[in-house]
Amino acid sequence: MAAYLVLLFAVLSRILPSVFHTTSVGFTAVGGGLLFFGARRSRWQTIIAVLALIATDYYLTTHIYSLPFHTSEYLVTWAWYAAICLLGHQLLHGKPSAIRIGAAILASSTSFFILSNLMVWIGSAIYPHTAAGLATCYIAAIPFYANDAMSTAITAGALFGLPALAASIAESIRSAQHNNLPTA
């Protein structure tokens with residue numbers, strides 16, 4: 001159940017800023033949400049997460065941005081959604097640690113930065129199709145990378161870290177009560 005609530009949170013983190021015209025914050029819970037969903041659900045349920053985010057892409061493109069929807073422009077992004085969900089399952093299912101969570105956050109944000117900007121460079125005429133044009137494309141996207149990395153770190157850190165912190169505190173209280181020590 002928690003994984004589906006996190007998936008809903010990830011979808012809303014993309015829709016609500018556009019609805020309320022606050023997109024300048026640059027926060028999205030997609031990366032961290034997909035890592036958590038993948039870690040908590042079976043592999044086949046990745047399809048559910050990807051379908052929810054495909055519907056979000058369609059809604060944002062056609063209703064919020066009022067643009068035509070071209071499936072081919074989103075295929076790499078949808079493959080990335082699935083890959084991050086499966087990465088969460090493979091790396092964090094039943095064995096999340098600070099190192100594994102940090103690696104998943106770095107892999108998620110960095111892979112999105114590399115893939116999405118490569119597709120912008122390939123699919124548009126904004127940047128010249130030269131090595132210098134590709135470098136300019138990546139340099140222009142660094143602020144977005146920073147926002148995505150921070151958003152993913154905050155989301156994944158809270159989703160994986162807060163339950164571990166709560167369990168640690170509960171164990172300390174139980175241990176103190178067992179040893180008849182004052183708890184606070």
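Tutor: A salt bridge is a Lys or Arg side-chain nitrogen within 4 Å of an Asp or Glu carboxyl oxygen. This is a predicted model, where local features need pLDDT of at least 70, side-chain atom pairs count only at pLDDT 80 or more, and totals for chains, interfaces and linings use all residues. Residues are numbered from 1 along each chain as its sequence is written, and side-chain values use heavy atoms, with hydrogens and water left out.

Student: OK, how many salt bridges does the structure hold?

Tutor: There are 2. In one of them, the side chains of R14 and D57 meet at 2.6 Å, N to O.

Student: Which helices do R14 and D57 lie in?

Tutor: R14 is in α1 and D57 is in α3, so the bridge ties together parts that are 43 residues apart in sequence. Helices here are DSSP runs (H or I, at least four residues), numbered from the N terminus.

Student: And is D57 buried or exposed?

Tutor: D57 counts as buried because its relative accessibility is 3%. The cut-offs for relative accessible area are under 20% for buried, over 50% for exposed, and partly exposed in between (1.4 Å probe, protein chains only).

Student: What about the bridge between E171 and R174?

Tutor: Their side chains meet at 3.2 Å, N to O. Both residues lie in α7, 3 residues apart, about one turn of the helix. E171 is partly exposed at 44%, and R174 is partly exposed at 48%.

Student: Switching topic: how many residues are in the largest nonpolar core?

Tutor: It has 27 residues, and L34, Y81, L92 and F160 have the most contacts inside it. Such a core is a set of buried Ala, Val, Leu, Ile, Met, Phe, Trp, Tyr and Cys residues joined through side-chain atoms within 4.5 Å.

Student: Which elements give two or more residues to this core?

Tutor: The list is α1 (2-19), α2 (30-40), α3 (46-64), α4 (75-92), α5 (98-123) and α7 (142-178).

Student: Take L92, then. What is it in contact with, leaving aside neighbours within four places in sequence?

Tutor: L92 touches L35, A39, L87, R100, I101, A104 and F160, where contact means heavy atoms within 4.5 Å.

Student: How many aromatic pairs turn up in the whole structure?

Tutor: The search finds 10. Y58 sits in α3 and F69 in the loop between α3 and α4, so the pair ties together parts 11 residues apart in sequence. F69 also pairs with W78, this time stacked, at 6.2 Å and 25 degrees.

Student: What are the ring cut-offs?

Tutor: Phe, Tyr and Trp rings (for Trp the six-membered one) pair if their centres lie within 6.5 Å; planes under 30 degrees apart are stacked, over 60 edge-to-face and the rest tilted.

Student: Which residues form one aromatic cluster?

Tutor: Y58, F69, Y74 and W78 do. Y58 is partly exposed at 43% and F69 is partly exposed at 21%, while W78 is buried at 11%.

Student: Last one: which residues make the nonpolar surface patch?

Tutor: M1, L5, L8, L12, L16, V19, F20 and Y59 make it, at about 770 Å². α1 gives the most, with 5 residues. F20 is in the loop between α1 and α2, and counts as exposed at 55%. Patch residues have over 30% relative accessible area and no salt bridge, with nonpolar side chains (Val, Leu, Ile, Met, Phe, Trp, Tyr) joined within 5 Å; areas are Shrake-Rupley with a 1.4 Å probe.

Technical notes
Patch = residues over 30% accessible without salt bridge, like charges linked within 9 Å, V, L, I, M, F, W, Y side chains within 5 Å.
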